[in-house]
Amino acid sequence: MTAAVPEDLVVTRATPDDWRTVVDWAGAEGWNPGLADASAFFTLDPDGFFVGRLDGEIVSSICVLNHSADFAFLGLYLVRADLRGHGCGLTTWKTALSHAGSRTVGLEGVVAQQDNYRRSGFRFAHRTDRFTGLAPATEVPADVRAVREGDFAELLAYDGACSPADRPRFLTAWLTSPGHRALVRRAGGRVTGYGVVRPGPDALRIGPLFADTADDARALFAGLVAEVPGEEIAVDVPATNAAAVALARQAGLTPSFEMARMYTGPVRPFAEERVFAYTTVEVG
């Protein structure tokens, strides 16, 4: 039985300093957040971060980040371990969801919470699997190179075609965040895919990995891991993309964590067949 919500719980918008506590919690839960993720997240929607406080101390968190007039994404829904089951999370959830207004909201739900998300109006779209393992030894293919500033306009358009919403401020920050290594593949004078690898506390994270074809994705993956052979890597793969699952398995990675992509309503069509790895499970 859920205990009564503490009367002195106060839910407020979170600052970047507040969010450091949340990132530490996420690391303790084994979610392996990227070390520089939060600063890029705040460029997307600085008003979309919420924490619940008791006596001034943070006890719950959530972000509901508005990507566009039609779409938002929810992540980092957490409650301090000693206060779970007291309603702090649900109160924080309800406050934060109002920030999305009438937008369709997406999330990646862990197995244990998926029934709760359904009761809140979320509907299953597909399974997402985190694949982990040691980076294989590779070389950077000749047609894969580091992203340059001159690529940004084309990459913004490419990213928008692979996502439920355009996200120019976020993507610019993501491509240039400390420790992030961004690569692009071009053929015939145009972009055929791009990817990013970044450090996390437990493993390097690859995401996004967006590509026209499996060959493009394999080339980009090889480039992303070429500098880190033998290091632990993690990649979040939509289970509906058979070529993406095959790529992860061929690289020697194995599923370690199952989630469900869920939405409260329709999202604009996007090139799901190009999504070989999501950017993050916190912002889609």
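**Entry 1: cavities**

I looked up the largest cavity, and about 110 Å³ of space lies in it. For a cavity I used a 1 Å grid over the protein atoms alone: it is a set of points where a 1.4 Å probe fits but cannot get out. Lining residues have an atom within 4 Å of a point. Points are joined across faces, edges and corners, and the volume is the space filled by probe spheres set on them. Of the 14 residues lining the largest cavity, Ser163, Pro164, Arg167, Val283 and Gly284 are the closest to its centre.

I noted the ground rules here: this is a predicted model, in which local features need pLDDT of at least 70 and side-chain atom pairs count only at pLDDT 80 or more, while totals for chains, interfaces and linings use all residues. Residues are numbered from 1 along each chain as its sequence is written, and side-chain values use heavy atoms, with hydrogens and water left out.

I then sorted the lining of the largest cavity by class: eight nonpolar, four polar and two charged residues. Ala, Val, Leu, Ile, Met, Phe, Trp, Tyr, Cys and Pro count as nonpolar; Asp, Glu, Lys and Arg count as charged; the others, Gly among them, count as polar.

How many cavities of 30 Å³ or more does the whole structure hold? My search found three. I took helices (H or I, at least four residues) and strands (E, at least two) as DSSP runs, numbered from the N terminus.

**Entry 2: the largest pocket**

Next I looked for open space. A pocket is an open set of points with protein on both sides within 12 Å along at least five of seven lines. The largest pocket holds about 690 Å³ of space. It is lined by 28 residues, and Tyr77, Leu78, Val79, Gln113 and Tyr117 are the closest to its centre. Which element gives the largest share of this lining? Strand 4 does, with six residues. By class, I listed 16 nonpolar, eight polar and four charged residues in the lining.

**Entry 3: cores**

I turned to the nonpolar cores. A core is a set of buried Ala, Val, Leu, Ile, Met, Phe, Trp, Tyr and Cys residues joined through side-chain atoms within 4.5 Å. Buried means under 20% relative accessible area, exposed over 50%, and partly exposed in between (1.4 Å probe, protein chains only).

The largest core has 40 residues. Trp19, Phe41, Phe49, Leu76, Leu175 and Tyr194 have the most contacts inside it. Helix 6 (residues 168-176) gives the most to this core, with five residues. A second, separate core has 27 residues, including Leu209 and Leu247.

Phe41 is in contact (heavy atoms within 4.5 Å) with Phe170 and Trp174, among others.

**Entry 4: cysteines**

How many disulfides does the structure hold? I found zero. A disulfide is a pair of cysteine sulfur atoms within 2.5 Å. The sulfur of Cys63 is 18 Å from the closest cysteine sulfur, in Cys88, so the gap is too far for a bond. Cys63 is buried at 0% relative accessibility, and Cys88 is buried at 1%.

**Entry 5: backbone and one alanine**

I looked for a cis peptide bond and noted one joining Gly207 and Pro208, with omega about 0°. Pro208 lies in strand 10.

Two residues other than glycine went down for positive phi. Asn32 has phi near 55°. Asn32 sits in the loop between helix 1 (16-28) and helix 2, and is buried at 4%. Leu76 has phi of about 50°. Leu76 is found in strand 4, and is buried at 6%.

Last, I picked Ala234, in strand 11 (residues 232-238). Is Ala234 buried or exposed? Ala234 counts as buried, because its relative accessibility is 2%. Leaving out residues up to four places away in sequence, Ala234 touches Arg130, Phe131, Thr132, Ala203, Leu204, Arg205 and Ile206. The C-alpha atoms of Ala234 and Pro269 are 27 Å apart, and these residues are 35 apart along the chain.
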